[in-house]
Amino acid sequence: MSLKLFNTLTGKKEDFISIKPGIVGMYNCGPTVYNHAHIGNLRAYIFADTLKRALEWNNYKVKQVINITDVGHLVGDLDLGEDKVELAARQKEKTAEEISRYYEEDFLKDLKNLNINTENTEFPRATETIKDQIDLIQILEKKGFIYKIFDGIYFNTAKFKEYGKLGNINLKGIEEGARVEKNPEKKNPTDFALWKFSPKNEKRQQEWDSPWGIGFPGWSIECSAMSMKILGETFDIHT
């Protein structure tokens, strides 16, 4: 019996065939560790676990990655506002690392209580892969995909003609200010931050030097770098 999955690239349900015979590389976007997860957050990992078990039942060996976002997720959910971890640290009078580790452990306990199988699952942290993220941005820079504005380094989606293809996204139907935050210096509404500059009038708890200035990564480049580091440039499933 073949396993069928919905392919977002083609928009069709298709027979699943892994890139490497018998092995599946699967990346599941992980939590931002600044607060307790609610049941809606955890639904994503119940789904991922169900998918993993279905793959294993079909005799696949699954290499699963669930990242830990401990920097770079801003309160605006895209590229504006304060870092959620830094904000929680200030409110609770803790360090950013103390906040991150506490809620990371809380998340792992939730997975265990939900009987989610984390055996052989890797949980990379964004803060521990900064060099990988900078290296990836530099590759994009050499290819002419990035530009600099007042608050950071951005990916120019207009330069990548296939942007949105994997998710079958109608880019022309996206209006800036509806679900995409307005930024007067962005070249396109769909452009996103790769590296955010630290505010000039304050020192963040979590910031790093880079070829473009002191700052921190945007969360889109975090997932790209972590997934590629562990699973390779091309892998089978992203949820």
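**Note on strands, salt bridges and cores**

1. In strand β5, Glu 122 is the bridge partner of Val 65. Two strands count as paired if DSSP finds at least two bridges between them. Helices (H or I, at least four residues) and strands (E, at least two) are DSSP runs, numbered from the N terminus.

2. On provenance: this is a predicted model, in which local features need pLDDT of at least 70 and side-chain atom pairs count only at pLDDT 80 or more, while totals for chains, interfaces and linings use all residues. Residues are numbered from 1 along each chain as its sequence is written, and side-chain values use heavy atoms, with hydrogens and water left out.

3. The open sheet has 4 strands in the order β5-β4-β3-β10, with parallel pairing. β5 (121-122) and β10 (237-238) are at its edges with a single partner strand each, so one side of each has no neighbour in the sheet. Helix α5 lies across β3 (23-28), β4 and β5, and runs at about 160° to β3. Axes here are lines fitted to C-alpha atoms, for helices over the stretch in contact, with angles from 0 to 180 degrees between N-to-C directions; contact means heavy atoms within 4.5 Å.

4. Strand β8 (residues 192-197) pairs with two strands. With β7 (residues 152-155) the pairing is antiparallel, over 4 bridges, and Phe 192 in β8 is the bridge partner of Phe 155. With β9 (residues 215-217) the sense is again antiparallel, over 3 bridges, and Trp 195 stands opposite Pro 217 of β9. In β8, 6 of the 6 residues are buried, so the strand is largely enclosed by the rest of the structure. Buried means under 20% relative accessible area, exposed over 50%, and partly exposed in between (1.4 Å probe, protein chains only).

5. The largest nonpolar core has 16 residues, and those touching the most other members are Ile 137, Leu 140, Ile 146, Ile 153, Leu 194, Trp 195 and Trp 212. Two or more residues each come from α4, β7, β8 and α5, with α4 giving the largest share, 5 residues. A nonpolar core is a set of buried Ala, Val, Leu, Ile, Met, Phe, Trp, Tyr and Cys residues joined through side-chain atoms within 4.5 Å. Beyond its neighbours within four places in sequence, Trp 212 has contacts that include Ile 134, Gln 138, Glu 141, Lys 148 and Phe 197. A second, separate core of 14 residues includes Ile 68, Val 85, Ala 88 and Tyr 103.

6. There are 14 salt bridges, counted where a side-chain nitrogen of Lys or Arg is within 4 Å of a carboxyl oxygen of Asp or Glu. Helix α4 (residues 130-142) holds both Lys 131 and Asp 135, 4 residues or about one turn apart, and their salt bridge is 2.9 Å from N to O. Lys 131 is exposed at 61% relative accessibility, whereas Asp 135 is partly exposed at 30%.

7. Asp 132 forms a salt bridge with Lys 229 at 3.3 Å, N to O. Asp 132 is in α4 and Lys 229 in α5 (residues 219-231), so this pair ties together parts 97 residues apart in sequence. Asp 132 is partly exposed, at 24%.

8. Salt bridges with shared partners join Asp 70, Arg 101, Glu 104, Arg 125 and Glu 128 into one network. Within it, the closest N and O atoms of Arg 101 and Glu 104 are 3.1 Å apart. These two residues are 3 residues apart in helix α3 (residues 96-113), about one helical turn. Glu 104 is buried, at 6% relative accessible area.
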